[in-house]
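Biologist: I would like to learn how to read a structure that is new to me. Could we go through a few features in turn?

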Amino acid sequence: MTAQTVVEKIAQAHLAGGTVRRALRAGDFVSIRPRHVMTHDNTAPVISKFRSIGARRIHDPSQPVFTLDHDIQNRSAANLQKYAAIERFAREHQVVFHPAGEGIGHQIMVERGFVVPGAFVVASDSHANMYGTLGAIGTPVVRTDAAAIWATGEFWWQIPRTVSVFLDGELGPGVTGKDVIVTLCGLYNQDEVLNAAVEFTGPGVASLDMDSRLTIANMTTEWGTLVGWFPADAVTADWLRERARVLARMGIDRLAEGDVDALVEDAPGPDAGAAYAARISLDLSRVTPFVSGPDTVQAMTSVRELEARGIRVNKAYLVSCANSRFEDLAAAARVLAGRRTAPGVQLFVAAASREVKERAEAAGHWQTILAAGATPLPSGCGPCIGLGAGLLEPGEVGISASNRNFKGRMGSRDARCYLASPAVVAASAIAGRIAAPTRCGSTAPYRCIEVLSPAVPDAPATVEILKGFPERVEGRLVFLPRDNINTDGIYGKDYTYRDEMTPAKMARVAMENYDPAFAELVGAGDIVVAGRNFGTGSSREQAVTCLQAKAIPMVIASSYSQTYLRNAFNNGFLCLESPALVAYLHEELAEQVKAGVKSILTGDRLTVDFATGTVRLHARIFRFPVMSEVPQSLVAAGGVENLVRRRLGLHIR
């Protein structure tokens with residue numbers, strides 16, 4: 001049998017019946033039957049999609065897991081009614097339900113036994129990568145995927161290429177998993193792992209505790225990957241045995257202690273000779289405390305250097321699914337013990353789950369953090385996603401133990417935000433400026449990457465166009481000359497959880513956080529062209545549907561967030577990649593790009609021919625891989641919901 005990466009192996013084991021019979025490889029489109037699918041507050045719109053499809057029952061009630069965690073500080077009648085409706089739906093369909101305050105969904109998934117080695121587990125949230133800590137595939141899906149899984153038990157997936165990350169050495173005192181992933185995001189920030197699966201290997205893995213692994217896997221999302229996988233080993237087994245004992249005391253039989261050894265021993269790993277897109281090496285002994293930002297995870301600076309700059313801090317956060325577990329709170333408490341936050345600094349703390357908070361209280365860590373002046377928040381997402389108390393105000397600087405610091409995500413776009421480990425956040429809150437808890441070095445790990453070229457079949461020069469799929473699209477060019485335009489920029493957080501937003505309202509606020517002038521400048525039929533990693537960030541579906549509401553027929557980019565692509569094709573929205581076209585536009589429009597123009601309209605028109613895989617502009621031809629049957633069928637049907645209706649024998653809308 002063909003040698004496979006671990007992602008190819010786990011996907012093979014979770015194939016839905018009647019799909020691929022040969023060994024899977026990167027690039028294959030397949031139908032997957034996941035072990036579980038988690039949805040949080042977005043369960044409400046998934047319910048709407050499920051019902052709009054016409055489905056009447058959940059195909060396998062053991063697959064979905066509901067966890068309310070995002071807007072839990074919102075006590076408005078409308079939000080409470082939404083939460084009550086989700087709970088009623090869960091009872092009606094016998095779905096596992098976790099109410100607001102129980103914890104952040106990703107933490108619930110790993111601590112409550114929903115993820116085991118070798119499993120394929122998805123979530124309608126971009127940080128599903130965290131499940132890879134346990135030797136599983138954890139990967140995000142979008143709301144439409146979740147509804148399709150509820151209705152049919154499966155969803156479509158394209159097998160990603162895999163990058164091997166070899167870890168050697170051990171972390172020094174005071175260095176954490178957060179510093180490791182901040183280092184990787186800073187060293188390899190040119191799409192080296194974009195839309196790839198990452199396998200962490202090497203002797204350094206064994207030296208990492210589970211908290212470090214959970215943080216690293218969680219933030220592989222920010223690094224641009226679809227999967228962040230760690231091998232199941234003795235550390236994994238010890239952690240799972242403890243979880244099994246805790247669950248037994250809670251009366252939950254989802255994970256039995258006696259099954260752990262077999263789960264770990266039988267967990268799949270990569271084959272010798274598997275095809276990798278690249279190999280990255282990192283010496284853990286050279287990693288020192290680093291900080292991301294401001295306002296991007298792609299810039300890293302040593303804490304020692306930032307200390308010398310004297311950067312004042314207004315707010316500090318011990319929150320999120322990345323770094324508010326028991327070990328994180330304990331690390332912060334050790335720094336805060338017997339001390340107080342600096343005048344003018346607000347410190348906020350929220351445990352990753354109710355269980356974590358209870359453990360921290362029993363150990364005295366929670367009380368120590370509060371005694372230092374921290375404001376407690378309920379176990380949930382909160383300020384990490386710009387909801388609830390403690391958001392950054394204009395002109396303020398925040399330092400957070402969370403995973404994402406996009407401009408405007410945690411409050412005002414006129415604020416600045418840095419990311420760091422819990423100990424550094426705590427030390428900064430005490431000092432009133434970015435600071436380390438102890439004197440630390442500033443060693444800079446070096447880049448060490450070997451780019452490989454796994455054999456892939458040549459794409460055909462032409463393709464048959466399915467009925468209902470356009471042979472060509474023509475429109476006025478609108479160039480957005482930025483890389484990493486995120487979903488917050490495309491469709492802001494202030495509108496994401498407002499159910500009353502009509503298509504007309506959505507069109508008026510499309511791209512508002514990226515360019516407030518976009519709505520007035522851009523008209524129906526215009527074709528948007530953007531840079532690398534378009535649609536990165538959170539998995540909000542509205543970042544696609546707002547452009548559809550604006551009557552934009554398609555987006556062309558150098559590359560995309562894979563989550564954005566899923567949302568696009570699941571909604572029947574065209575997206576294609578043409579790095580050569582984007583590079584040409586950067587040269588042709590260099591003056592406007594240099595001047596900082598965010599949306600450039602030239603009056604030129606593009607013609608996209610899907611049969612031949614070509615884009616025509618200025619008598620120039622730019623080629624792109626022709627689209628296969630799977631994406632064509634999604635667009636032709638008007639999205640995956642119609643495909644599911646067809647499978648269920650329901651009326652196609």
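**Helices, a sheet and a loop**

Modeller: Helix 5 and helix 24 are roughly parallel to each other. This is a predicted model.

Biologist: How are two packed helices described, and what are the values for helix 5 and helix 24?

Modeller: Two packed helices are described by the angle between their axes and the distance between the axes. For helix 5 (residues 143-152) and helix 24 (residues 640-648), the angle is about 10 degrees and the axes are 10 Å apart. Angles under 35 degrees count as roughly parallel, and that is why helix 5 and helix 24 are called so.

Biologist: Which residues of helix 5 meet which residues of helix 24?

Modeller: On the side of helix 5, they are Thr 144, Ala 148, Ala 151 and Thr 152. Helix 24 brings Val 640, Glu 641, Val 644, Arg 647 and Leu 648.

Biologist: At what angle do the axes of helix 19 and helix 20 cross?

Modeller: The axes of helix 19 (residues 542-549) and helix 20 (residues 562-570) cross at roughly 45 degrees and come within 8 Å. Helix 19 is therefore oblique to helix 20. Their crossing is right-handed. Ala 543, Val 544 and Leu 547 of helix 19 make the contact with Tyr 564, Asn 567 and Ala 568 of helix 20.

Biologist: How many bridges does each pairing have, starting with strand 2 and strand 3?

Modeller: Strand 2 (residues 36-39) pairs with strand 3 (residues 64-67) over 3 bridges, in the parallel sense. Thr 39 has Phe 66 of strand 3 as its bridge partner. Strand 2 is also joined to strand 5 by 3 bridges, with Val 122 of strand 5 as the bridge partner of Val 37. Between strand 5 and strand 6 there are 4 bridges, and Ala 123 stands opposite Pro 140 in strand 6.

Biologist: Are the faces of strand 5 covered or uncovered?

Modeller: In a regular strand the side chains alternate between the two faces of the sheet. In strand 5 (residues 120-123), both faces are covered. Phe 120 and Val 122 are buried on one side, and Val 121 and Ala 123 are buried on the other.

Biologist: Last, a loop residue. Is Leu 284 buried or exposed?

Modeller: Leu 284 lies in the loop between strand 11 (278-283) and strand 12 (290-292). Buried means under 20% relative accessible area, so Leu 284 counts as buried at 0% relative accessibility.

Biologist: What is Leu 284 in contact with, leaving aside its neighbours within four places in sequence?

Modeller: Its contacts include Leu 167, Asp 168, Gly 169, Val 180, Gly 204 and Leu 208. Thr 39 is 245 residues away from Leu 284 along the chain, and their C-alpha atoms are separated by 35 Å.

Notes: Residues numbered from 1 in each chain as written. Predicted model: local features only at pLDDT ≥ 70, side-chain atom pairs only at ≥ 80, totals over all residues. Heavy atoms only, no water. Pairing = 2+ DSSP bridges. Buried < 20%, exposed > 50% of the residue type's maximum accessible area, 1.4 Å probe, protein only. Axes fitted to C-alpha atoms, helices over the stretch in contact; angles between N-to-C directions. Parallel < 35°, antiparallel > 145°, perpendicular 65-115°, else oblique. Left-handed = near helix turned anticlockwise from the far one by under 90°. Contact = heavy atoms within 4.5 Å.
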